[in-house]
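Reader: Got a model open here. Can you walk me through it?

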Amino acid sequence: MRKELPMILTVLSGLVVIFSRYFHYGMQLGLMDTLDKWYLVSSSFAILLGIVNLVKIHWGYIRRRKEGWWNSIVLLLCLFGYGILTVQQTVDGPQAAWIFNNIITPGDSTMFALIAFFIASAAYRAFRVRTKEATVLLVAAVIVLLGKAPIGDALINGWGNVADWILKVPNTGGFRAIIIGAAVGAFATGFRILLGLERAHLGGSGTK
Amino acid sequence: MLLAAEAAKPYLGVFAEGKFAQFVLMLVFAFIVWFMVTRAKAGMKVPEIRKINGLEALDEAIGRATEMGRPVHFTPGLGGVGNPMTFAAFGFLGYVAKLCAKYDTRLIQTNADYVVLAINEEIIRQAYLEAGRPDAFNSDDVQFMSDQQFAYAANVMNMFQKDKPAANIMMGAFWAESLIFAETASFVGAIQIAGTAATAQLPFFITACDYTLIGEEIYAASAYLSKEPVLYGSLVGQDWAKIFVFALILVGTVIANFQAKGNWLTSILKK
């Protein structure tokens, strides 16, 4: 019953979604909204699981004096300190908002900015001409790079149009093919779950 | 008022507006997959499916980590349980966890979603149980790091530098953090297998990882890895459904080019 009950719930939820998405009366009943609300409520409880996991792991690091254990103290202090602060004054409160705007947002931006350097190093590896595919990649990248910068059209008139064509025709075509394939794949996965053939989300090797 | 009442009128008295064709297409796809599954169940021959290198390499990656005595890292990305890519990742995780349990290799599994964390912990626990190594399961290695994208990315980067995994497996829904993970893992010398249907992140994975599963390939994983004929059958059905969509696109393209006004296929699909 440990696996059967979740399986039955999964199939029932799937049928409710189909009924409320495609059928007029299903839509009018608003069952999707009800399911969404149930998910929201049950997933809110799962926040506790996240907090318990964080505390358990980092408390263990502190207790065992694992390398960098003082970082775990900072993490736990921030977790509970910010939690208490937002309960006291809501997330829009002066101190809570100040911390968010002046510490968390710049931190996020710093991490995001790192991507520029990672792109450079990944591009260097990818553009080393070793195979036919890498050569095509390099040629396309050079055309698009120069075509999107003013220098492209300054060198050869119409270079920008070639770059736009690469982006709009082969690139968009390829991406759309991937999206269509992925949509069919997602459907087949959903159908396997509805048939009870795929049970990966219930634990173990994942199949019946 | 009258217009609103007209708009809400059900199509054929049953279907929601604009959903009839979608429903029929869903039934067609379901029939194709079901037909192939039934054939496989009856023991009839199911056509071969092509080899997916990224999936074949999973054993190699975990074997390499075992030989080096270093851990394996698995992330399902930032997607929640509502994301089909996360569901696809569950199948991989079960397989990876079972192999890690078998070879006694440490598996570090990081999460950015607390619901996914709970499911992943159960999947890994069950996989260790199935492998006959429940004692080797360490719940501390299934970690929730943060539900904030870049806080999670920073945490994973730190883990890469500290634990130096020999294999990095990334399957699921990824956004801008994809390249941060892939490049940092590359710096520590990890063999990398990635897969996503997020088209914006695929170029990053293809350039930075050793193997990349593109789009639909991630949805084939659990069926492919199970080697069960019935599930293989569903994969063949998936391919036939794709051929059906391709034929539909082809017909639509021909009509769009030769029919000057209106496209009857588009009108049917909008019903």
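Author: Buried residues make up 29% of the 208 residues in chain A. Buried means under 20% relative accessible area with a 1.4 Å probe, protein chains only. Mind that this is a predicted model: local features need pLDDT of at least 70, side-chain atom pairs count only at pLDDT 80 or more, and totals for chains, interfaces and linings use all residues. Residues are numbered from 1 along each chain as its sequence is written, chains are lettered from A and ligands numbered from 1 in written order, and side-chain values use heavy atoms, leaving out hydrogens and water.

Reader: What radius of gyration does chain A have?

Author: 26 Å, whereas a compact globule of 208 residues would have one near 17 Å. The radius is taken over C-alpha atoms, and the globule rule is 2.2 Å times the number of residues to the power 0.38.

Reader: How many helices and strands in chain A?

Author: Eight helices, zero strands. These are DSSP runs, numbered from the N terminus: helices are H or I with at least four residues, strands E with at least two.

Reader: Switching to the interface. How many residues of chain A are in contact with chain B?

Author: 56, against 77 residues of chain B. Contact means heavy atoms within 4.5 Å.

Reader: And salt bridges between the two chains, what's the count?

Author: Two. The rule is a side-chain nitrogen of Lys or Arg within 4 Å of a carboxyl oxygen of Asp or Glu. One of them pairs Arg125(A) with Glu183(B), closest N and O atoms 2.6 Å apart.

Methods
Buried < 20%, exposed > 50% of the residue type's maximum accessible area, 1.4 Å probe, protein only.
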